[in-house]
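Trainee: I've got a model open and I'd like to learn how to read it. Can we go feature by feature?

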Amino acid sequence: MIYNSITMRNFLRLYKVLCGMTGTAATSASEFKSAYDLNIDVIPPHTTSMRVDHKDVFFTDYDIFVKSIIDQISDCYAKKQPVLIGTKTVAESEIFSELLSNIEIPHYVLNAKNDEEEATLIAQAGKPGHVTISTNMAGRGVDIRLGGDSKKLHEEAVDTGGLFIISVGINSSERIDNQLRGRAGRQGDIGESRFFVWLEDTELAHRMTPLEKIKAEIGSTKKRINIVRQIQRQMEGEAAEARYALNRFSDIVEKQRISISNQRMDILKGKCYLAFLEKANPDKYQEILHTAGMDSIKRAEQQLALYFINKHWAAFLDALESVRKGIHFMSLKSDSFTSLIGGGKTITLDEYAHIAIKLNNQMLNNIKRDIIEKMETLPITKNGIDLDEARLNGGTTTWTYAIDENAMQFNKLQTITKNISNKLSGENGILTNYYRKKQSKQRCTTELTIHK
């Protein structure tokens with residue numbers, strides 16, 4: 001049973017002072033402002049960056065894509081240039097680890113499974129000849145220094161070109177890409193980075209329209225970069241919108257959580273006497289007052305209030321979670337187009353708020369009802385109520401844990417946009433057919449040239 005919950009955003013906002021420092025915050029400045037009311041100040045580096053960021057390289061054939069990455073690693077290893085390969089998943093890291101083992105290139109694989117050991121390993125990733133494969137989360141926060149702590153090895157690493165960053169595909173946001181790039185070229189050191197992109201990558205392919213796929217295949221490198229990075233910006237926008245929607249829904253519960261938590265704390269500290277029995281059943285109240293005394297009544301009410309607040313708040317959260325999981329169906333109640341694409345899902349949000357308020361009122365009434373009922377029926381002594389005998393004890397062990405929340409259930413704009421764009425760039429869209437003919441002519445011209 002979940003006794004309480006809070007989003008990470010609201011948890012962080014409990015601190016009186018909130019700040020942070022990261023080299024990649026600038027790309028998310030608007031979200032930091034809206035979520036935490038934090039402004040972003042960019043501090044220029046005290047030494048000019050010497051890192052060379054090569055243009056993205058694109059592939060339509062997976063085998064050639066993988067071979068090109070292995071060839072790049074081999075070239076770097078041959079001249080003892082340190083290499084860091086960034087993969088999006090553990091499965092990808094294991095594939096490239098096997099391929100490197102087949103050509104006898106020694107390497108380290110970091111999958112965020114052993115933080116302490118991997119932090120030590122990635123700190124050495126800048127030594128000459130070192131090849132390191134890492135998933136996004138592995139070794140985060142550890143500075144990679146060229147040559148490690150050795151000045152001699154630092155000079156050797158500089159002579160080879162510095163740390164070479166290889167990314168297997170692009171990530172879901174520009175910020176994550178920048179975090180990977182930023183592992184090289186620290187403190188004015190020399191370094192390089194290159195992103196290898198397979199156009200059939202699942203994150204790209206299912207978002208790329210048939211029109212965009214054709215353009216990416218026959219277009220220039222610049223056009224390919226524009227298409228892929230535009231899709232990346234779409235992913236960032238959708239994720240930001242999802243988090244924004246989740247925040248608006250969670251803010252409704254947060255107000256109720258603060259209210260009930262404050263009341264519970266006042267009761268726990270003995271600052272609040274609800275006097276439910278006195279108001280609801282004066283005769284019973286006088287009877288208990290005569291036999292047990294005022295302190296006993298207050299103690300019994302405190303015990304019961306804490307128990308039933310815990311019980312009914314947990315039930316409230318469970319009920320509200322069920323509502324939230326199906327709340328996107330609320331838009332079907334309205335035929336209006338705006339109900340589907342409203343910026344904050346206004347109709348759905350209003351419906352959710354209405355249900356939350358109704359459930360909250362029911363919860364408060366249930367707490368009051370149960371306290372009165374138990375005070376009327378349970379024996380009250382000078383020590384209050386024997387909760388064990390009354391079987392009113394809650395859980396004796398609790399765990400605190402974090403979960404990943406997916407707020408895409410609130411995002412209807414993506415579906416609407418996709419339906420509209422399909423008419424233009426879908427499988428049989430107007431622009432798709434035009435570029436398909438262009439692609440066919442280009443292939444015919446190539447075949448004719450080869451024949452000649």
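Predicted model: local features only at pLDDT ≥ 70, side-chain atom pairs only at ≥ 80, totals over all residues.

Trainee: Is Met-8 buried or exposed?

Mentor: The cut-off for calling a residue exposed is over 50% relative accessible area. Met-8 has 53%, so Met-8 counts as exposed.

Trainee: On to strands. How should I think about side chains along one?

Mentor: In a regular strand, side chains alternate between the two faces of the sheet. For pairing, look at the bridges. Here, take strand β7, residues 190–198, which runs parallel to strand β1, residues 50–53, with four bridges joining them.

Trainee: Which residue in β7 is the bridge partner of Arg-51?

Mentor: That's Gly-191. Strand β2, residues 57–59, also runs parallel to β7, with three bridges, and Val-57 stands opposite Phe-196 of β7.

Trainee: How many bridges link β6 and β7?

Mentor: Six, again in the parallel sense, with β6 covering residues 163–168.

Trainee: What kind of unit do β6, helix α7 and β7 make?

Mentor: Follow the chain from strand over helix to strand, and check the handedness. In this model, β6, α7 (residues 174–181) and β7 make a right-handed β-α-β unit.

How values were computed. Residues numbered from 1 in each chain as written. Heavy atoms only, no water. Buried < 20%, exposed > 50% of the residue type's maximum accessible area, 1.4 Å probe, protein only. Pairing = 2+ DSSP bridges. Helix = DSSP H or I, 4+ residues; strand = E, 2+ residues; numbered from the N terminus. Right-handed = clockwise from strand over helix to strand, strands pointing away.
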